[in-house]
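User: Could you walk me through this model, one step at a time?
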Amino acid sequence: MKRFLIGLFVVAAGFAAVAGYSAASQEREYRKLIAVGDAALGRDDTYVAVEAFSGAIALNRDAMLAYLKRGQAYHRRGELQNARRDLRMAASLDPASVRVFEALGDVTYALREYERAADGYAHSVRLDDTSARVLYKLGLAHYHAGRPAAALQPLTRAVSLDPRYAEAHYVLGLALRDLGRASEALGALRQAVSIAPALTEARAELAALYGVLGRSRDQVEQLEALAALGPRPERAVALGLAYARAGRTNQAVLTLGSAAERFPETQQVYVALGRVWLESAEARGDRIALSKAMEALEGALTAADPSSEALALFGRALALSGDAETAEQTLLDACARSPVEPLAFLYLADVSERLGHVDRAGDALGSYRALLAPDDPVAERLAPSAKIGDLALRSGDAPTAVRWYRRASDAAPNDVHLLTRLAEAAWGAGDQDLARRSVARGLEVAPGDRTLRLLQQKVR
């Protein structure tokens, strides 16, 4: 019996030794496969990496690390759904891993699911809020999800942890700009450019913000610096047009002319050059500048698919040269292109009215206003509501005239002439109550107005 027990112990010990050896061997093989996968990723061989990490998972299906690394390998080779599957598995195996939730955020961000990406980064930040990188990613995801206000806190925290984080300053500037905090946005964008002078996106946004604020000198300075970083047609166009807005027409022409020689196939360069010459021609009544504008715009129209802007400017140039019929047809073509240049409708209205095409002129002005914000002061200056009402009334469209006269009268409630036209249009549209009220209001302002007195008798 004693010998039997000793034998049984020896057998059990042998099985234990074999099992221990097998487990140790399996662990060594697992680590070897992880190392092989890491080395493959290091040389960007994602196929070998995925195979190695898959082998590691087969040896140990409860190992978070293998799922994490295979998910990252799938992400690198663009298999985003597979990456998300593995990373979710890794998160279930280790809900406290900062790396896993950051990687999951990266994948959902690449899928353009920005709200979900923000959720992943936010989970990572809750586990560890000391990573400026992850805080930046969280702010960026919020921003692209259309939540600039939510982006402020993580981005502000990121730049406080790493004041030299140029990209975080840049996105913070964008969020502040979108929230209407222009002065703070300028500070953030300037900081980004100061830290990383070659961060072209930040410099371009800084220049654009200077332009919105009317700081043309600062805008030109930024655009000059941007152009110095490398010759690109869009940079030359932006700089040339900025020179023109600053009144430096000669520099604008030189910049755009040089760009046209360097980038002869780029339509937008010729369009910008044509615009500068055309604005100069209109401002000075300069026939030579008008000729140069038409020459540049003809260069733009040689493109296979000329833009609405190119056609609109060429139509305007034709109108100024006296060829109203061809101008109208060109402008109709411009209005039919997408994306449409809003000024095409304004130019068309002018030409069509000159040709006696009143309906078309009114429709064009209405379309121009519809493309812009209802309270845009520039729109009201260039296409006054009263003017659209006049054209509508001349074409016999009294209801449309009423709509535009009311808008004009709301902005100038004591304008007797507007009230008179509104009353006439309302009467023609069958709105007798509005006609009476408009006449009564007009007589309050100008009790002796003869036209209003006659209208008063009519509307009774």
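Analyst: Let's begin where two helices meet. Pro 148, Ala 151, Leu 152, Leu 155, Thr 156, Ala 158 and Val 159 of α8 touch Ala 168, His 169, Val 171, Leu 172, Ala 175, Leu 176 and Asp 178 of α9, where contact means heavy atoms within 4.5 Å. This is a predicted model, where local features need pLDDT of at least 70, side-chain atom pairs count only at pLDDT 80 or more, and totals for chains, interfaces and linings use all residues. Residues are numbered from 1 along each chain as its sequence is written, and side-chain values use heavy atoms, with hydrogens and water left out.

User: Are α8 and α9 roughly parallel or roughly antiparallel?

Analyst: Helix α8 (residues 148-161) and helix α9 (residues 166-178) pack at an angle of about 150°, with axes 9 Å apart. Angles under 35 degrees count as roughly parallel, over 145 as roughly antiparallel, 65 to 115 as roughly perpendicular and the rest as oblique. Therefore α8 and α9 are roughly antiparallel.

User: What kind of aromatic pair do Tyr 136 and Tyr 165 form?

Analyst: Rings of Phe, Tyr and Trp (its six-membered ring) pair if their centres lie within 6.5 Å; planes under 30 degrees apart count as stacked, over 60 as edge-to-face and the rest as tilted. The ring centres of Tyr 136 and Tyr 165 are 5.1 Å apart and their planes lie at 40°, so the pair is tilted.

User: Is Tyr 136 buried or exposed?

Analyst: Buried means under 20% relative accessible area, exposed over 50%, and partly exposed in between (1.4 Å probe, protein chains only). Tyr 136 has a relative accessible area of 14%, so Tyr 136 is buried.

Key
Axes fitted to C-alpha atoms, helices over the stretch in contact; angles between N-to-C directions. Helix = DSSP H or I, 4+ residues; strand = E, 2+ residues; numbered from the N terminus.
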